[in-house]
Amino acid sequence: MSNKWAIALYVLPALLLVLGLIYIPIVMTGYYGLTEWNGIGAQKWIGFANYSTLLQDGIFWKSALHSLLLAVFSCVSLLLYLIVALILSGQIKGANVLRKIYLIPMLLSSVAIAQLWLKIFHPTNGVLNSVLVSLGIDNPPAWLADTSLVLYAIFIPILWQYAGFYILIYYAALKNIPSSLVEAARIDGASAWQIAFRIKLPLIMEVIKVTIVLAFVGSLKYFDLIYVMTDGGPNNSSEVIASYMYHQAFKSFDFGYGSAVGFFLLVVCLVATWLIRRATASKDSIQYS
Amino acid sequence: MSVAQTAPRAAAAEPGKGAGRKIGYGLLYIALAAVAVLQILPLVWLLFFSLKNNQEVFDSPPLSLPTHWRWENYEKVWTQGNIGVYFFNSVWLTVVSTALTVLIASLVTFAVTRMKWKASKLVLGLFMVGLMIPVHSALIPLFSVFQNLHLIDRPPSLILTYVAFNMPITIMIMLGFYTSLPREVEEAAVIDGCSVHRIFFRIVFPMTASVISTTAIINMIYNWNEFIFVNTFINSDKLKTLTVGVQNFVGQYTTDWGAIGATLMVSILPILIAFFVLSNRIVEGLAAGSVKG
């Protein structure tokens, strides 16, 4: 099978879509970032002026810091998911049903999740503060309206949403470990901790690395949830890179500056992927079988 | 690890094993059940307040059952707003985009795994890197190009972007399946003088039914929940999907908790029903999709 026309027919639809709607647009974003443009009128070439503004833009750095914080939180929370998956992959009855229950929030739209958690965090009638008040706490925090708490508050639904997904991945990887290895260790007298940390974890290291990239880069791109819950507020205290780009372009109609932010986001995502890959690349991957 | 090193510890753990193990397992089950409760509880609370009126929401304990099940909340949001329209738009956009994505991805995966051509590695690389590109970095040019092509506020802008942005992950999942597919049948068909198209549509495509359903489910979930493209490209109410529709709708009802709850329930119910029917496939699909990156 090497008929050129046939190949073109099979490859071109996908290739044209991805080139036309992903690759060409990101190149255009790079170009727009070098112009001054309100989205309608003429583009004016201004070189790297947007980027030098970016460097001195306090709100931009604030949003970049928030994105980084979310990314770090997400990576740390992987540890929690890993522990649950380790327990679940032991001889637990009903593990299959449990992991499905864990997964349910992951299937819902970020908008629905955001709306639901807006109600949960509601200062007076939300379930969270109702519970806190009934526990005797008189002045429960205002959560999303509190500039020093809002970012942490937003992270709770994120934790809730993705738990099932990462537990599922870890569980699948742990179940893939040949039981003969675990059995052999048990016969040798290894404790449950030793089996978990010396045998199981090293064997699923590759999967752990992939999830670190997913969690880190995924959090750099968070948008929907934050856009609906706080729209970056109050007072930019939950602004992230993606929401800042959206505000610049589609609220302030500064498409040039917004593009510079968008291009920065792209570069950060690609560099982060590459760096984490490099940092976690094992020189000698362990072969057990 | 050597036997000599660990044997004493194993021996020491031996005596109280029965009871200790039971308590240990009991604690683990409690921990796992607690996680399950935390995952479900917000949704139970949502269901309850969707069936209450404001007075009940504010005055009764948060997790109490509704005293009177107010299904009229659902009736109200379904008849008063555009929820029906949003629902219909979500359904048809999801179905059309998913069908196109799966078909186009099948074609290219077949070409990459079964045909010999020079640029196949390069093309595959483009799809793989595409997985890492954030939607937001392409959003502004997409908006301005669609505007110039008069596609803003028209469904093709959504279908095109849904298909393109889900293409990499769909190809990724299919690739694993195609490479594990036996080639004997195709080779026999080639010898019999079968054309490429016949081989693909009559032999290979039907054989990939299971990966098609896996990728279709993943695509449906992504498309059903998509927000930023609809929010950016669509202005008129009659074209909005549930995600954006719900967002606007909830805005109108800021003080009516029952109506908000009912709206959210309507928007997540199809996904929940699909999950109860297809949970094994969904689990499989998400696990397969995770290997991206």
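Modeller: Happy to! A word on terms before we start: domain bounds here come from an automatic or database domain assignment. Please also keep in mind that this is a predicted model. For chain B, the assignment gives domain 1, residues 3-72, and domain 2, residues 80-289. The C-alpha centres of these two domains of chain B are 35 Å apart. Where they touch, 9 residues of domain 1 of chain B are in contact with 7 residues of domain 2 of chain B. On the domain 1 side, the elements that supply two or more residues are α2 (17-49) and α3 (54-59) of chain B. The largest share of that side, 3 residues, belongs to α2(B).

The largest nonpolar core has 164 residues, and the members that touch the most others are A:A85, A:I167, A:Y170 and B:M167. Helix α7 of chain A, residues 150-175, gives this core its largest share, 16 residues. Domain 1 (3-72) and domain 2 (80-289) of chain B both contribute residues to the core, so it lies between them. As background, nonpolar side chains tend to be buried together in soluble globular proteins.

To finish, take a look at A:A85 in chain A. Setting aside neighbours within four places in sequence, A:A85 is in contact with A:I167, A:Y170, A:Y171 and A:L174.

Terms used: Residues numbered from 1 in each chain as written. Chains lettered and ligands numbered in written order. Predicted model: local features only at pLDDT ≥ 70, side-chain atom pairs only at ≥ 80, totals over all residues. Core = buried A, V, L, I, M, F, W, Y, C linked by C-beta atoms within 7 Å. Buried ≥ 20, exposed ≤ 12 C-beta atoms within 10 Å, placed from the backbone. Helix = DSSP H or I, 4+ residues; strand = E, 2+ residues; numbered from the N terminus. Contact = placed C-beta atoms within 7 Å.
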